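Please open the structure in your viewer and keep the sequence at hand.

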Amino acid sequence: MELNDKVVLVTGGARGMGAAFARGIVDAGGKVVIGDLPDDEGAAVAAELGDAAHYVHLDVTDPANWESAIAETEERFGRLDGLVNNAGVTASGQPVADEPLENFQRIIQINLVSVHTGMHFAIPAMRRAGGGSIVNISSAAGLISLALTSGYGAAKWGVRGLTKVAAVELGREKIRVNSVHPGMVLTPMTAPTGISDAEGAFPNNPFRRVGRPEELVGVVLYLLSDAASYTTGAEIAVDGGWTACPSMEYVMGQ
């Protein structure tokens, strides 16, 4: 998938899926701005990728950080063509009755409100560029209900709905907005749960394994590219078939 010098800002780009997206964008001929909080890790990924990459300090919950990140992107590369809203935190693992309100609110703030904030500041820049593509990273938890994920699930369903609203509003301005819904993916955020990407280690989906960050890259590059020029308001699951149906072994107890 060719990006032909498109300039894309990736949040949470210092590690995991975000770093994989950043590498994929540069490999496809694009330019990437990596926005994240661990400055040393983000700067290291940008240095690895060379002149086609740039790092900006970005706390996605801070509107002022967003404003400066967009301005720095335009100053460095002259435009903004794409935004990948990837930054997020995982679920608390607590039932609704037990989850503290402040924890629920924190997850919503990072996983949902920041997506709105990012689009709010990115859209004017995309208008100046004559169009663009926004890819919001939701989750399989935004397509089905998973126990013990009240804040995370609510946020990811919200991202799915917000994506569709923005797609309708921005269609006439050649700004496309789509959501991607990963299943369980092995990243630094999910590794503490003890998951493994070995074959058979995750019987919940037909592939019987969790995903790897690089397996999300192709879908994101497609949505950022001109090949997706007629795709907006879509929700694309990249989950090993999890949201289609659990695996036969899981269903039949084998």
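The lining of the largest pocket comprises 23 nonpolar, 15 polar and four charged residues; here Ala, Val, Leu, Ile, Met, Phe, Trp, Tyr, Cys and Pro count as nonpolar, Asp, Glu, Lys and Arg as charged, and the others, Gly among them, as polar. The model is predicted: local features need pLDDT of at least 70 and side-chain atom pairs count only at pLDDT 80 or more, while totals for chains, interfaces and linings use all residues. Residues are numbered from 1 along each chain as its sequence is written, and side-chain values use heavy atoms, with hydrogens and water left out.

Select Gly-88, Val-89, Thr-90, Tyr-152 and Met-189, which lie nearest the centre of the largest pocket among its 42 lining residues. Next, select α1 (16-27) and α5 (150-170), each of which supplies at least two residues of this lining. The greatest contribution comes from α1, with three residues.

Move on to the second largest pocket, which holds about 200 Å³ of space. Its lining has 14 residues, and Lys-6, Gly-131, Gly-132, Lys-174 and Asp-226 are the closest to its centre. This lining divides into two nonpolar, six polar and six charged residues.

Finally, select Phe-202 and Trp-242. Their ring centres are 5.5 Å apart and their planes stand at 90°, so the pair is edge-to-face (centres within 6.5 Å, planes over 60 degrees apart). Phe-202 lies in the loop between β6 (175-182) and α6 (214-224) and Trp-242 in the loop between β7 (235-238) and α7 (248-252), so the pair ties together parts that are 40 residues apart in sequence. Both Phe-202 and Trp-242 are buried (under 20% relative accessible area, with a 1.4 Å probe and protein chains only).

Note on methods:
Rings of Phe, Tyr and Trp (its six-membered ring) pair if their centres lie within 6.5 Å; planes under 30 degrees apart count as stacked, over 60 as edge-to-face and the rest as tilted. Helices (H or I, at least four residues) and strands (E, at least two) are DSSP runs, numbered from the N terminus. Buried means under 20% relative accessible area, exposed over 50%, partly exposed in between (1.4 Å probe, protein chains only). On a 1 Å grid over the protein atoms alone, a cavity is a set of points where a 1.4 Å probe fits but cannot get out, and a pocket is an open set with protein on both sides within 12 Å along at least five of seven lines; lining residues have an atom within 4 Å of a point. Grid points are joined across faces, edges and corners, and a volume is the space filled by probe spheres set on the points.
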